[in-house]
Amino acid sequence: MKKILLALSVLVLAFALTSCEKETIASRASKKGLDIGTAFGSDIFNPEDQERIKEFSNILVAENFMKCANLRPNAKFWNWSDIDHAIEFAQANNIQMKFHTMFWHQQNSSFVSNISTKEDALAFMDDHIKTIMEHLKGKIKVYDVVNEMFEEDGSFRQSKWYNLIGEEYLAHALTVARSCDPDAKLYLNEYNNECVGYPKADAMFNFVKKLKESGVPIDGIGMQLHLSTDLPFNPDAIRANCRRYADIGIEISFSEVDVRLPASKFNDEAEVKKQEEIYTTLLDIALTEPNVKSFIVWGMYDRTNWVPATFGGYGNACIYDMEYNKKPVYNALFEKLK
Ligand code: G3I
């Protein structure tokens with residue numbers, strides 16, 4: 001009898017502890033099987049920000065730390081310390097990590113500009129992939145292997161890699177990456193690629209389909225989704241695009257979500273509401289299209305957000321305001337995850 005009573009009290013206590021656990025965006029998303037999170041910078045080393053990150057994220061991605069110029073400032077030196085510390089924090093808090101990005105046309109170290117032959121470009125790519133994936137083996141769930149490979153008209157971007165190697169640089173990078181870590185998911189990441197019918201989106205889909213059909217290892221694509229309240233938002237075209245990728249066995253990350261406002265409308269209620277609707281509609285698509293695996297915002301804070309420096313006259317794109325208060329959109333996302 002005593003033993004039964006003891007077992008019962010343990011059960012009651014366990015139940016009480018579980019039900020007392022604070023529900024967060026991260027915990028709700030985890031229960032629904034969705035990876036949710038943010039890009040981070042040095043905020044990841046600040047205790048207050050760490051609490052906000054834990055509340056929001058079950059996956060993280062470096063806004064800049066993993067890019068060539070930061071990770072490998074010169075040919076010989078690899079700057080692992082920020083990344084290793086960020087991964088330590090993530091692992092201690094049961095948060096996954098996405099790698100952004102192995103190859104891009106921006107933020108390359110100056111020594112990369114000396115690469116001028118196909119042979120050297122391939123040698124650099126192989127060394128870059130192998131060194132990164134050996135160092136991080138088992139610690140990264142998803143890699144953005146290549147970022148932004150298309151132009152708006154659907155042609156290939158004239159990046160160094162394309163110009164020296166040709167279109168096959170993409171298949172090459174994916175193949176080498178798979179051989180280095182067969183358990184990691186390999187993605188190609190892009191912007192303005194979310195809507196069926198847009199030239200860049202259609203070109204990317206057709207290219208990824210061709211890669212799949214020819215046996216090149218690719219698991220997914222990223223739709224960055226840097227959106228603006230004063231541009232058309234077409235959720236049906238986004239959903240249709242997710243579905244055609246599902247049909248060819250490709251998963252999707254909503255990889256860099258933010259929704260900027262024109263400065264003249266920062267205090268316009270209707271515009272703020274529109275921003276909230278765009279965020280929550282995207283989350284709804286992520287929750288209801290099974291091949292959408294993650295919803296990642298490109299930084300949580302208006303104060304440090306990249307938008308104003310790039311799009312003059314725009315801002316307020318994030319889920320925390322300039323004073324680090326949660327905006328109503330934060331709570332709307334929390335509610336959507338109920
Ligand atoms: O680290 C240097 C610092 O030493 C220097 O004093 C300072 C002076 O400007 O610059 C610092 O580097 C900046 C870096 O962000 C870190 O803050 C670069 O100038 C700046 O260009 C860089 O901007 C980043 C941008 O990519 C680079 O193109 C943004 O933070 C980052 O949000 C943005 O992220 C991209 C994604 O990778 C791909 N998709 C689009 C997205 C937005 O552009």
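The model is predicted, so local features need pLDDT of at least 70 and side-chain atom pairs count only at pLDDT 80 or more, while totals for chains, interfaces and linings use all residues. Residues are numbered from 1 along each chain as its sequence is written, and side-chain values use heavy atoms, with hydrogens and water left out.

**The largest pocket**

- The largest pocket holds about 760 Å³ of space; a volume is the space filled by probe spheres set on grid points, joined across faces, edges and corners.
- A pocket, on a 1 Å grid over the protein atoms alone, is an open set of points where a 1.4 Å probe fits, with protein on both sides within 12 Å along at least five of seven lines; lining residues have an atom within 4 Å of a point.
- Its lining has 35 residues, and Y191, Q224, H226, W306 and F311 lie nearest the centre.
- Strands β7 (226-228) and β8 (251-262) each supply at least two lining residues, and β7 gives the most, with 3.
- Strands here are DSSP runs of E with at least two residues, and helices are runs of H or I with at least four, numbered from the N terminus.
- By class, this lining has 15 nonpolar, 13 polar and 7 charged residues.
- Nonpolar covers Ala, Val, Leu, Ile, Met, Phe, Trp, Tyr, Cys and Pro; charged covers Asp, Glu, Lys and Arg; the others, Gly among them, are polar.

**The second largest pocket**

- About 200 Å³ of space lies in the second largest pocket.
- Of its 16 lining residues, G41, D43, E63, Y301 and T304 lie nearest the centre.
- Strand β1 (residues 35-40) gives the most to this lining, with 3 residues.

**Helices α11 and α13**

- Helix α11 (residues 269-288) packs against helix α13 (residues 328-336) at an angle of about 25°, with the axes 9 Å apart.
- Axes are lines fitted to C-alpha atoms, for helices over the stretch in contact, and angles run from 0 to 180 degrees between N-to-C directions.
- The two are therefore roughly parallel, a term for angles under 35 degrees.
- Residues in contact (heavy atoms within 4.5 Å) include Y279 and L283 of α11 and V329 and L333 of α13.
- This contact divides into 7 nonpolar, 1 polar and 3 charged residues.

**Helices α9 and α10**

- The axes of α9 (residues 199-213) and α10 (residues 235-247) come within 11 Å and cross at roughly 10°, which makes these helices roughly parallel.
- A201, D202, M204, F205 and V208 of α9 meet N241, R244 and Y245 of α10.

Key:
Angles under 35 degrees count as roughly parallel, over 145 as roughly antiparallel, 65 to 115 as roughly perpendicular and the rest as oblique.
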